[in-house]
Amino acid sequence: MKTITLSNIKKTVLIAGLAFSTSFAFAQETAVKSASTTKTTAIGTQKTWGTVDGVKYTGLVQGPSAAVADLQIACVFEYTEGDIFSKEALPAELNGLVHLDEALKGRLTEIRKTGKFKGRKLETFLITPDNKVLGAKKLLLIGLGDRNQFTPELMTEIGEIAAREALKLNVNTFAFASDLKDAGIDSPTAEVAGNVTKGIINEYKIQNGLKADRLEQFKPLTQVYLLAGPAFFEVAGGGISDALSTYKK
């Protein structure tokens, strides 16, 4: 039978403390290195990842309040108090929805909070602000529904709605912001970007078919800007490129 003495207890506690300190220090060092090596892309950077059916799909590091296009599309969940300002959301300086709310002088939050736009899945809400309030001439909100029910597959349907509504508004260009991380959802960036791209392409093909049968009229799309934050540009671009490649086979 082993005897446990006060001296042994002290040694055990000391060893455990040293092990914890070492592990914690290592974790801190790893986190710092990870943060310092994360590649970020400068605001305003853009790259055309490919073209399908005459439409250029261009990645753009820009927020939805500043992107220049005929139409800006932004996605929002059903409102929960302070959602885009929560600790789970991106910091205010990097949060596109916060910037959009600020550009609209708090009206984005007011519209959502009062239920004028409920953010139900696939619900749409069009805003036409005064000139120079936003980079785009019009703003279309698309609802994502209940944040607790979100799946990346939903973004294919969102892309379809985005294309359909853009054609109804007779625009040549539109910018699209998923705004999932802005809303505090830790979503798979590449998969989301790819699904949005597929949805837009699929719907544009359908609408072009209707146009060929003289069942629809609209201006042709020329460019879609897919917005991404500085830390997510390359990852999103990979998802967009993969999606585009499936239409070139």
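User: Which residues is D101 in contact with, leaving aside its neighbours within four places in sequence?

Analyst: Contact means heavy atoms within 4.5 Å. On that basis, D101 is in contact with I84, F85, G106, R107, L108 and T109. D101 itself is found in helix 2 (residues 96-103); helices are DSSP runs of H or I with at least four residues, strands are runs of E with at least two, and both are numbered from the N terminus. This is a predicted model, in which local features need pLDDT of at least 70 and side-chain atom pairs count only at pLDDT 80 or more, whereas totals for chains, interfaces and linings use all residues. Residues are numbered from 1 along each chain as its sequence is written, and side-chain values use heavy atoms, with hydrogens and water left out.

User: Why does P152 count as buried?

Analyst: Buried means under 20% relative accessible area, exposed over 50%, and partly exposed in between (1.4 Å probe, protein chains only). P152 has 16% relative accessibility and therefore counts as buried. This residue is found in the loop between strand 5 (138-143) and helix 4 (154-168). Not counting residues up to four places away in sequence, P152 touches P188, E191, V192 and N195.

User: How far apart are P152 and E191 in sequence and in space?

Analyst: They are 39 residues apart in sequence, and their C-alpha atoms are 6.8 Å apart in space.
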